[in-house]
Structure formats: C-alpha cells, structure tokens
Amino acid sequence: MSNTPLADRDLAALVPEWLDWSQVSELLGVTPGKVRTMIRDHELAAAVSEPGAGPRVPADFIQDGLVVKGLPGLLTLLHDHRFDDRECIAWLFTDDDLPGRPIDALRENRGSEVKRRAQVLEY
C-alpha cells in the first residue's frame with residue numbers, strides 16, 4: 001500500500017485518459033449542465049489532474065454510453081467516509097488492496113468486492 005495520502009497522489013499519472021465536461025455530456029447524451037449536476041450529486045467525480053487544466057472526469061467512468069454500473073453508489077460511500085472527489089479518483093485508480101484497480105473491478109461488474117473494501121476504509 002502506498003504511504004502517499006490519496007489527496008497528494010499524482011492523478012495525471014494514475015488516470016490514463018481524462019474527459020472535459022463537454023466530452024462527457026456528448027458520450028452520455030446529456031447537457032454539460034447535467035454533467036455538472038451529476039458531479040455535484042456524486043454520480044460522477046471530477047478533479048484537476050494537472051496545473052492549468054480545468055476539472056475533468058476520468059474516461060474510465062463512462063462505459064458504453066453510460067456511467068459505469070455501481071460508480072454513483074461507490075462515490076456516495078466514499079464521500080460518506082469524507083473523501084473529496086480528488087481522493088475518490090485516486091482511490092479508484094490505485095492498485096493497493098484489490099487484485100487490480102477498483103475502477104477495473106467496477107468496469108468488469110465486480111462492484112460488490114469494491115464496495116466491501118470501501119466500507120472498511122478508515123476515516
């Protein structure tokens with residue numbers, strides 16, 4: 001397990017591809033305003049991955065024109081553990097506890113094991 005706090009991890013190195021809100025809205029078939037609402041309601045998460053960039057959404061959060069199954073519930077659970085969006089993204093893209101990254105397990109419809117891991121996280 002990495003000793004670097006989630007908030008300090010290099011998101012640009014962890015997340016291979018990012019989407020701006022207009023790209024997300026196009027993929028999901030919604031307006032950019034709806035994307036903003038989805039982020040606020042923890043259906044999606046966004047963060048600034050590198051200095052000078054605006055907030056963006058990891059491309060792996062979208063699969064087949066939909067938000068990855070189980071992601072909104074997991075984001076809510078992580079926010080209940082007092083994670084911010086940046087920490088949520090870092091946790092999802094870090095291979096610390098699972099065989100593979102949590103985002104990969106979600107994309108492979110193995111959300112139960114990810115949620116079990118998230119439920120026992122320390123505050």
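Which residues are linked with Arg101 in a network of salt bridges? The network joins Asp60, Arg101 and Asp104. This is a predicted model, in which local features need pLDDT of at least 70, side-chain atom pairs count only at pLDDT 80 or more, and totals for chains, interfaces and linings use all residues. Residues are numbered from 1 along each chain as its sequence is written, and side-chain values use heavy atoms, with hydrogens and water left out.

**Salt bridges**

- A search of the whole structure finds five salt bridges. The term means a side-chain nitrogen of Lys or Arg within 4 Å of a carboxyl oxygen of Asp or Glu.
- Arg101 pairs with Asp104 in a salt bridge, and their closest N and O atoms are 2.8 Å apart.
- Arg101 is buried, at 18% relative accessible area. Asp104 is partly exposed, at 23%. Buried means under 20% relative accessible area, exposed over 50%, and partly exposed in between (1.4 Å probe, protein chains only).
- Arg110 forms a salt bridge with Glu108, with 2.6 Å between the closest N and O atoms.
- Arg110 also meets Glu113 in a salt bridge, at 3.0 Å from N to O.
- Arg110 is partly exposed at 28% relative accessibility. Glu113 is partly exposed at 22%.

- Helix H7 spans residues 111-119. Helices (H or I, at least four residues) and strands (E, at least two) are DSSP runs, numbered from the N terminus.
- Gly111, Val114 and Ala118 are the buried residues to look at in H7. They lie on the same side of H7, because they cover an arc of only 60° around the axis. The arc is that of the directions from the helix axis to the C-beta atoms.
- An α-helix has 3.6 residues a turn, so residues three or four places apart point the same way.
- Ser112, Arg116 and Gln119 are exposed, on the face of H7 turned away from its buried side.
- The cover over the buried residues of H7 includes helix H4 (71-80), helix H5 (85-92) and helix H6 (102-107).

**Packing of H4 on H7**

- H4 and H7 pack at an angle of about 5°, with their axes 10 Å apart. Axes are lines fitted to C-alpha atoms, for helices over the stretch in contact, and angles run from 0 to 180 degrees between N-to-C directions.
- H4 and H7 are therefore roughly parallel to each other. Angles under 35 degrees count as roughly parallel, over 145 as roughly antiparallel, 65 to 115 as roughly perpendicular and the rest as oblique.
- From H4, Gly73, Leu74, Leu77 and Leu78 meet Val114, Lys115, Ala118 and Gln119 of H7. Contact means heavy atoms within 4.5 Å.
- The residues of this contact divide into five nonpolar, two polar and one charged. Ala, Val, Leu, Ile, Met, Phe, Trp, Tyr, Cys and Pro count as nonpolar, Asp, Glu, Lys and Arg as charged, and the others, Gly among them, as polar.

**Positive phi in loops**

- Most residues other than glycine have a negative phi.
- His42 has a positive phi, near 65°. His42 sits in the loop between helix H3 (32-40) and strand E2 (57-58), and is partly exposed at 25% relative accessibility.
- Asn109 has a positive phi, near 60°. Asn109 sits in the loop between H6 and H7, and is exposed at 54% relative accessibility.
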